[in-house]
Amino acid sequence: MKPVLHKGLWAGFALLLVLAPWLHDGGFWLSLLSQMGIAVIACLSFNILLGQGGMLSFGHAVYSGLGAYAAMYALNHWCSGTPGLPVTLVPLVGGLAGMGCATLLGWLSTRSAGTAFAMITLAIGELVFAVALMLPELSGGEAGLSGNRVVGAAPWGMTFGPAIQVYYLIAAYTLVCAALMVAFTATPLGRLLNAVRDNPQRVAFVGYDPRWVRTLALVISGFFAGVAGGLATLNFEIVNAEALGAARSGAYLLFTFLGGTATMFGPVLGGVLMVLATVLLSAWTQAWLLYLGLLFMVMVIWAPDGLAGLLQAHGRALRQGNWRRWLPLYMGLWLSGMVVLCGAGALVEMTYHLQLQAVQGSALRYLGQTLDVTQTSSWLMGVGMLLAGLLPFLALRKCFALAHPGAAA
Amino acid sequence: MSKAMALELRDVHKRFGRTEVIRGVSLSVPAGERVALIGPNGAGKSTLFNLMSGSLSPDQGDVLLQGRSIAGRKPHEINRMGLARSFQISNVFPRLSVRDNLRCSALWSLGTGYALFRWLHRCTEANQRADLLMEQLGLSAQAGVPAQQLSYAEQRALELGMTVAGNAPVILLDEPTAGMSQSETVRFTALIRSLTEGKTLVTVEHDMGVVFDLADRIAVLVQGQVLAFDTPDAIRANPLVQQAYLGNMLPSTTEGGR
């Protein structure tokens, strides 16, 4: 009867958050983890709208961004006095700002959940971003506002100067916020939000105003988005207009979807993925946005339940117990899939390298190999690999689907 | 009016474009009575039904629910005033479980409101009502199954359950037995009767067996006007009705009231 609050799962999550900094050395790792915590909160808050409420928002960064600005203001103006606001509570200021903003804008946008909602959120997002750029003295414009998180009293020596202290603050917020948002899905309001997602007309005929349900959901979602923004302020000590922009909103949508919207586990994966892609993948290749776009397309078409949905499907297949029979086929699928990826990757990288050729010469390193964009052989190799992987992949996929309908996509 | 009227239509008119579909209907349904609305195709039954439930608003005239006008009110407000309706095409929450469909339908009437600071699984009254309804509807075994995976007849049963879950005193059922087999219809009619015990019921129905079995009074709608509104026996005997609509579709008097 209480399907969402498995104690063991949460204990594991808490333990992971505590131990994560010690799994790997270095400031970069810690920075990645901090950003992941923030992204997880943001994606979860986005999924209250998308997955739980069926509301496709193109302007979620408005709430996280304004939360970040409010937190910056609090950090710069309220934390230094006596008695000053403790730095630990600054993210809550962000949350309240996000919540207030959602209260104001919520009623405007929640009349319907479909195209109208999407369009209005898009417009509000653009509007807020434009206003932020028009008022550089308030928003700091593209340069942004900066602050110092080492301010005010430092209880138990917690100055929040060292990154590890900030990480643990973020981790604590991540745990609590995730728990609260998952708990929300088990409240009457949470279930009514699902009902509104499924069939708003019927909700009205059982005595609830679907618009009010959506508005409340938006306010709750705005609060947690604001908390994420406030944590980002503490983490980076700088916030600029980009935090409000359409690109950020788009990232929330993209990665929440990639993680999976059907459950509240998906957005956690989505948040992790978001940091891996924007930080690691972007450092690794210039074409990262292209890869991301392709991945998004593939997922929309073949795995609309996202990464979490794929994992669940695997779990089901494993529990059915006949995995020994389909394992060879499955491995074949993976192998040919990897070959496809390598081939496609080579072509993409070479295409991208064409524009750098003048500066960097015609050769590039790719997976330990040297490719040359002026050599036909390099291009042929890429195409060959792509086809060599694609043909068996498609054939195997057909066999697989025939042999095990529904086992995995 | 000596008796309290649960639902009252006063000279209601409704036109779509140039076509006047409802042409001055006045109808009073006393509390606790079961009324069936019949009429040939195109007579305006569905339109009248939507006017009664507030899904459409009349161009002229008024609809009163327990003495209060529902004009200009939103569906959720009308529901709170004490009217619940079902839909001809099953209109459930497809991804929610059967239990959740029923719970969500009962929550408002139990005063839960838009509750955020309590657990749904601890809303004891809503859970008990859902459990009881599932038992009555024969859906207990499917409590955790998403509504979209139910069979057609099961979805019809759930639709009925959601309509009565809020305990509204006035229930409108839109072709509750449409598309059901003969045996399902008989079982379902009994179910409707027991679930709406003591309530005011208005139903649109094509199955004459159900109509004459269930209704205390029958309203015959022809070309947007009420031709007759009387007990089943009187309707059966009414020459106007026979002429205009029923003809040989009527179950004969001897085997009537199955």
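**Stop 1: where the chains meet**

Start by showing chains A and B together: 30 residues of chain B are in contact with 23 residues of chain A. Two residues are in contact here if their C-beta atoms, placed from the backbone, lie within 7 Å. Helices (H or I, at least four residues) and strands (E, at least two) are DSSP runs, numbered from the N terminus. Colour that side of chain B by class and you will find 16 nonpolar, eight polar and six charged residues. In this scheme Ala, Val, Leu, Ile, Met, Phe, Trp, Tyr, Cys and Pro are nonpolar, Asp, Glu, Lys and Arg are charged, and the others, Gly among them, are polar.

A word on what is on screen: this is a predicted model, in which local features need pLDDT of at least 70 and side-chain atom pairs count only at pLDDT 80 or more, while totals for chains, interfaces and linings use all residues. Residues are numbered from 1 along each chain as its sequence is written, and chains are lettered from A and ligands numbered from 1 in the order in which they are written. The model scores ipTM 0.88 and pTM 0.89.

**Stop 2: chain B as a whole**

Chain B comes to nine helices and ten strands. Its radius of gyration is 19 Å, close to the 18 Å that the globule rule gives for 258 residues, so chain B is as compact as a globular protein of that length. The radius is taken over C-alpha atoms, and the rule is 2.2 Å times the number of residues to the power 0.38. Of the 258 residues of chain B, 45% count as buried. Buried means that 20 or more other C-beta atoms lie within 10 Å of a residue's own, exposed means 12 or fewer, and partly exposed is in between, with C-beta atoms placed from the backbone.

The average is 88, and 93% of the residues score at least 70. Then pick residues 252–258 of chain B, where the pLDDT is below 50; beyond near neighbours in sequence, this stretch has eight contacts in the model.

**Stop 3: Ala219 in strand β9**

Select B:Ala219, which is found in strand β9 of chain B. Is B:Ala219 buried or exposed? B:Ala219 is buried, with 24 other C-beta atoms within 10 Å. Leaving aside neighbours within four places in sequence, show its contacts: B:Leu27, B:Val35, B:Leu37, B:Val226 and B:Phe229.

**Stop 4: two glutamines in loops**

Move along to B:Gln223, in the loop between β9 (217–222) and β10 (225–230) of chain B. Its phi is near 50 degrees, a positive value in a residue other than glycine. Most residues other than glycine have a negative phi. B:Gln223 is partly exposed, with 15 other C-beta atoms within 10 Å.

Then jump to B:Gln66, in the loop between β4 (60–65) and β5 (68–69) of chain B. Phi of B:Gln66 is also near 50 degrees. B:Gln66 is partly exposed, with 17 other C-beta atoms within 10 Å.

How values were computed: pLDDT = per-residue confidence, 0-100.
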